[in-house]
Amino acid sequence: LLVADMGGTSFDTCLIAKGVPTFTTKEELEWGIPIATPMVDVRSIGAGGGSMAWIDPAGILKVGPQSAGADPGPVCYRKGGTIPTITDANLVLGRLDPDLLLAGEIKLDLEGAKKAIGDLAKRMGFDIYELAHGMINIANNNMAQALRLVSVDKGFDPRDFAIIAFGGAGPMHAVELAKDLHVSKVIVPVYPGAFCALGELIADTRLDYMQTSIMRSTNLSLERINEIYENLEKRAREDFLREGFEEPPTIQRTVEMRYLGQNWELEVEMPGGRIDDEAVQRARELFDREHSKHFGWHISGEKFELVNFKIVAIGQKIEVELPELKNGGPGEPMKVQSAYFKEKGGFVECPVYSRQDLDAGTRLKGPLLIGEVSSTTLVPPECDVEIDRFGNIIIEIGG
C-alpha cells in the first residue's frame with residue numbers, strides 16, 4: 001500500500017510493503033539536524049484542504065505550504081477566511097456537495113468560494129474554473145512527488161501498490177494521484193477522517209534496540225555478533241516484562257551493512273538462533289539484492305562491513321474484529337449535481353451517494369461522489385467502485 005493521508009494542513013505518506021511499513025533512523029529536521037530514532041518512514045508536505053493559493057513575484061500560481069488552518073479556515077467555512085484554498089477549489093468544481101454539512105455542522109458557502117477564486121482568476125486572466133482546476137493540479141503534483149519519495153526513491157515501483165486514502169481530503173484527490181503514478185487501485189477505509197486514531201488504538205507495541213559494532217568481512221567475530229544479539233534480546237524481554245506483558249515479545253533481527261568505503265548502510269534481515277558463516281553469507285546476498293533495488297547496481301564479492309546490529313521486539317497483538325456490512329445494492333443517490341472534469345471538457349452530471357446507504361457488494365460506475373460526515377470520495381469517469389464486506393470503498397482506475 002501507498003498511504004495518502006491528506007488533512008487540512010498537511011499531506012503525509014509512507015509505504016507499506018507486504019503488510020509492514022518501512023522504517024527509518026535517518027530523519028532530518030530543518031537545517032539538516034539528524035534524528036537517529038527509529039520511526040515509520042513518513043514524508044510530510046504542506047498540502048491539505050486548507051492550503052492557500054497565491055501568486056509569487058514572477059506571477060506564477062502557487063498552492064501551499066501556507067495553510068488557512070482551522071481558524072479562519074477556507075473561505076467556504078464562513079469563519080472570516082479570505083484567501084482561496086484547496087477546499088474552496090473542490091467546492092467550486094462541484095467535487096464537494098454544498099449541502100453536505102462538514103463535520104455534521106458546517107454549511108459550506110459556495111458563493112463565497114466562487115468570489116475568492118474569481119478574484120484570483122481575474123488577476124491572472126483565467127476563467128474561474130480553469131484556475132480552480134489549476135489549484136487542484138498543483139496540489140496533486142506536489143503530493144504525487146511526495147509519494148515518489150517513499151516509493152521510487154526507495155527502489156519500489158508504485159505500479160505494484162494500491163493507494164489507501166484517508167484524512168478529510170485524501171479520498172477527494174486519491175484517484176488523480178493514482179493516475180499520475182499509474183496505480184490501478186484506490187482503497188478508502190471506513191471513517192477516513194478518524195483512520196489515524198483507529199491505527200493508534202490498534203498499533204502493535206514495539207520497542208527497537210540497536211548496538212553499533214563495526215566489523216569488516218575480512219575480520220568478523222561470530223562470537224561477538226551472537227553476544228550482541230543475545231544481550232539485546234535479553235534487554236527486550238526484561239523491558240516487556242516490566243511493562244506488564246505476560247508473554248515474551250516476538251523478536252526480529254536485522255543488521256545494517258555497507259560496502260567497504262561507503263558511508264551509508266542498508267538494513268537486511270538476520271536469522272534467529274546462533275549466527276554462523278552461512279547466516280552472514282545469506283545476509284550478504286540480501287544486501288546485494290537490496291543495493292541493486294535501491295541504486296541499480298551491486299558488486300559481488302566486494303568486501304563489506306557490518307555496522308549496526310538491531311532487533312525489533314513486538315508485544316502481544318491486539319486482535320480487532322471489524323463489523324461487516326449486510327449484502328445489498330446501492331441506495332438511491334441523494335441528489336445529482338454538476339462536477340468539473342477536464343478530461344470530459346467541463347461539467348458533467350454526477351450522482352451524490354451517502355456512504356451509509358451503500359451495502360456490501362454494491363457496484364457503481366463513475367463519475368460520482370460518496371459523501372459522509374468526515375470526508376467525500378471523488379470517483380472520476382471511467383472508474384469502477386465496489387463496496388467490500390467491511391464497507392471499504394474499492395476504486396478500480398480506468399482510462
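Two strands count as paired if DSSP finds at least two bridges between them. Strands (E, at least two residues) and helices (H or I, at least four) are DSSP runs, numbered from the N terminus.

**Ground rules.** I am working from a predicted model, where local features need pLDDT of at least 70, side-chain atom pairs count only at pLDDT 80 or more, and totals for chains, interfaces and linings use all residues. Residues are numbered from 1 along each chain as its sequence is written, and side-chain values use heavy atoms, with hydrogens and water left out.

**The sheet.** I looked up an open sheet of eight strands with mixed pairing, and its order reads S9-S2-S1-S12-S13-S24-S23-S20. Its edges are strand S9 (43-45) and strand S20 (363-365), each pairing on one side only. From one strand to the next, the twist averages 20°. Angles here run from 0 to 180 degrees between N-to-C directions, with axes as lines fitted to C-alpha atoms, for helices over the stretch in contact.

Next I checked one pair. Strand S23 (residues 384-387) and strand S24 (residues 393-396) run antiparallel and are joined by four bridges. Ile 387 has Ile 393 in S24 as its bridge partner.

**Helices on the sheet.** Helix H3 (residues 128-150) packs on the sheet and touches S1, S2, S9 and strand S12 (163-166). The direction of H3 makes about 20° with that of S2. Contact means heavy atoms within 4.5 Å. Helix H4 (residues 170-181) lies across S1, S2, S12, strand S13 (185-188) and S24, at about 155° to S12.

**Gly 7.** I found Gly 7 in the loop between strand S1 (2-6) and strand S2 (11-13). Buried or exposed, or in between? Gly 7 counts as partly exposed because its relative accessibility is 24%; the cut-offs are under 20% for buried and over 50% for exposed, with partly exposed in between (1.4 Å probe, protein chains only). Leaving aside neighbours within four places in sequence, Gly 7 is in contact with Gly 48, Gly 49, Gly 168 and Ala 169. I also noted 21 Å between the C-alpha atoms of Gly 7 and Leu 368, which are 361 residues apart along the chain.

**Thr 376.** Thr 376 lies in strand S22 (residues 376-379). Why does Thr 376 count as buried? Because its relative accessibility is 5%. Leaving aside neighbours within four places in sequence, the contacts of Thr 376 include Arg 95, Leu 96, Gly 168, Pro 171 and Met 172.

**Ile 318.** My last stop, Ile 318, is in the loop between strand S17 (304-314) and strand S18 (335-341).
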